[in-house]
Structures are given as C-alpha cells and as structure tokens.
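Please look over the sequence and the model below before reading on.

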Amino acid sequence: MGTIVELYGAADLQRLENRIRRGRAAMLGLGVSALALLVALCCLTGTANARRMEAAAIAVSTVAGWILLYLRRFVVAEGRTELRHARMLGETEKEILRGRVTVTQERVRIPGSIRLRRVLVETEAGTRRVSVNETRAAVLAAAGKELELHVANGYVAAYRAL
Amino acid sequence: MKVLRNIASQLHVYIIWLILSVVIWGFVFTHVTDAPAEKKVVLFADVYACRELELELELEKSMPDGIRMIRTHSFGYVVFGDRELLGADLYLIPLSEAERYLPSFLPLDSAALPWAEDELWYWEGVPYGVRMRPAESFLQYEAPGEAREDFALFFGVNSVHAASFRGSGDDAALAVARSLYGLD
C-alpha cells in the first residue's frame, strides 16, 4: 500500500490564507486609489469639462467596481470558502472507504460553497457516492482506480493507492 | 479562459454595477457642478435652441465678484423640476409671452439700468424688461421658417442678484445682463 496523500496539506492552507490576504490588500489598494481619483475628478470639475469629467468618473468607478466585484467574489470569497472546506476536512473524523474509484464528470455547485465533482466508490458493501473539490478532482483521478479514500462529511480528504 | 468564464457567470452583477455607476455619478455631478443660489446666476432662455455650454463659458469670462458659475437653461430644462426656473435670475422671453409670466419678473428701476428708456419694455408704465436679442451666435431664437419675434430680458422676482431692484443681495444679475447684451 502507498502512503496517505492529503488533498489539503499545511502548504495548501497557507497558500489559501495568502490568497485571501493578497486579495483583500488588492481590494483595499484599488478601492482607495479609485476613491482618490474620483475625488480628484470632482475637485477638478468646472463648467467647461463637466461632461468629460463625469464620463471619466463613470469609467473609473465602473471598471474599479468590476475589478473589486471580481476580486471579492472569485479571489476572497472563494478562497475563504475553500479554506473553510479544507479546515473542515482536517478537523472532522474520517470514514475509510476502500474500492474502485471513479471521478465522474457530474459537477455540483452548492450556493455559497465550493464546486464539487461526484466520486463513485465501488466497495464490497456496494457503491457509495462522495464528493471531491473540483480543483482536486484531477489529482484524485490520476491516483489510480483502486484506492482507500478518507472521507469527512461526504467529502474526500485524503487517499491512498491500494 | 477561467477569468472569462467567471465573469460570464456573474454578468448580471457587472451590468447592474454599470447602470448604478451611470446613475450615481449623474446624481453626484449634478451636485458637484451646481452651486447655491447666492453663488450662481441662472438664465432661462425661452428660445428654439440654445448652445448652453458655450454661452456659459463666454459669460463666465467676465464673472461678477462672488459668483462661482453661470447657468443657462432652455425652458425644456423644466422637465427636471421647476425649482431652478422659479429661482432664476434672468429670463429671456418673447414679448408675446411676457404678460403671461409678468408675476415672475421684477419691476425695474430705469435709473439703475445702463440702457436707454426706449430700450426697455413697459407694462402699465412700469419698466419690466430690456428689449434685446443678444448672443445670436449662441441662441437660435426661432425655428427655421418661423417669423422673427421681439425678445426682452427680465429679472426674476426671486433673484438674490438684483439688488438695484430689490434692495438686497448683489447686482450680479445686472452684470451678467450687461455681458449678455455685449455678445453677438
């Protein structure tokens, strides 16, 4: 039997924490810069350039807002959700499943949570359906067919080749 | 590719933000480019077409003391509310309409005016307006093909810039009227 491979190691948790921190810093930097630029545009506005300044303010706030929305949703919020998921995997007692593992193409998205791929495990007691974080699905699929899965609350936390 | 997929999945949010941006900044700039009545002189021109921005810039070249901006509106501006119209300092009105709006105009003191008496418009012996068709390069008084009308400039009854006729405030409206009179 091979060694146990954790889907989220300490380095992964650190990477996620860094991603959230960098995302927040980028949001703060962009937000403050955009705000300063918008205040400057308002202060520099006169009769002659009012329409141009308004167009510039709309452009700045729109683009900065789009980037902020993107960072908040796809960097910070997703990072936080994944970190929460990874911590839950580490803290929860695992169930051991041994058998033939198939990572399906079925994707599941729980609102406000991570994207999942369904995993079928053909054990001696029958077929079990569990889930794996979509970002880790390729790792699990490449690990082979006969595996021992460590499952926490229905999510694959670690595996070992049999 | 992943970035585009992410954006596409939240496209409605980005479109809503774009709409909000336009509305919010339209509102903010309406206020940023405005000043209290004491700091601006407002001219309403009941003309066919008005190059408002160019006229404002021209009038602001000789801005009276204490005034931050000069605003020019056509009467179509009233669709945004009549507050600006009722508080305006100057009105450029065709004489055929003058009687109708008379309660909105200040009776003038001809001694305080820089114009000759025969240039004034009178109602029941009292001078109310100054007959003029100024700034014809900025204002198109009639629609093409319409008969030429006589116009007069009136001072608003609520103006805070007509001290010569009200006894309080300043005389910025009179100064702007003189500038307007000098424009081709």
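This is a predicted model: local features need pLDDT of at least 70, side-chain atom pairs count only at pLDDT 80 or more; totals for chains, interfaces and linings use all residues.

Residues are numbered from 1 along each chain as its sequence is written, and chains are lettered from A and ligands numbered from 1 in the order in which they are written.

Chain B contains 7 helices and 8 strands (DSSP runs numbered from the N terminus, helices being H or I of at least four residues and strands E of at least two). Its radius of gyration is 21 Å, well over the 16 Å that the globule rule gives for 184 residues, so chain B is more spread out than a compact globule. That radius is taken over C-alpha atoms, and the rule is 2.2 Å times the number of residues to the power 0.38. The C-alpha trace of chain B spans about 80 × 40 × 30 Å along its principal axes. The domain assignment, which is automatic or from a database, divides chain B into domain 1 (1-33) and domain 2 (35-181). The C-alpha centres of these two domains of chain B are 40 Å apart.

Where do chains A and B meet? In chain B, 17 residues are in contact with 16 residues of chain A, contact meaning that C-beta atoms, placed from the backbone, lie within 7 Å. On the chain B side, α1 (2-9), α2 (11-32) and α3 (52-60) each supply at least two residues. α2(B) gives the most, with 9 residues.

α2(B) packs against helix α2 (residues 50-91) of chain A at an angle of about 145°, with the axes 9 Å apart. Here axes are lines fitted to C-alpha atoms, for helices over the stretch in contact, and angles run from 0 to 180 degrees between N-to-C directions. Among the residues that meet are A:Ile58, A:Trp66 and A:Leu69 in α2(A), and B:Trp17, B:Leu18 and B:Phe29 in α2(B).

Chain A is likewise assigned domain 1 (5-90) and domain 2 (94-161), with C-alpha centres 33 Å apart. Contacts join 8 residues of domain 1 of chain A to 13 residues of domain 2 of chain A. On the domain 1 side, β1 (5-6) and α2 of chain A give two or more residues each, and α2(A) gives the most, with 5 residues.

Note on methods
Two residues are in contact if their C-beta atoms, placed from the backbone, lie within 7 Å.
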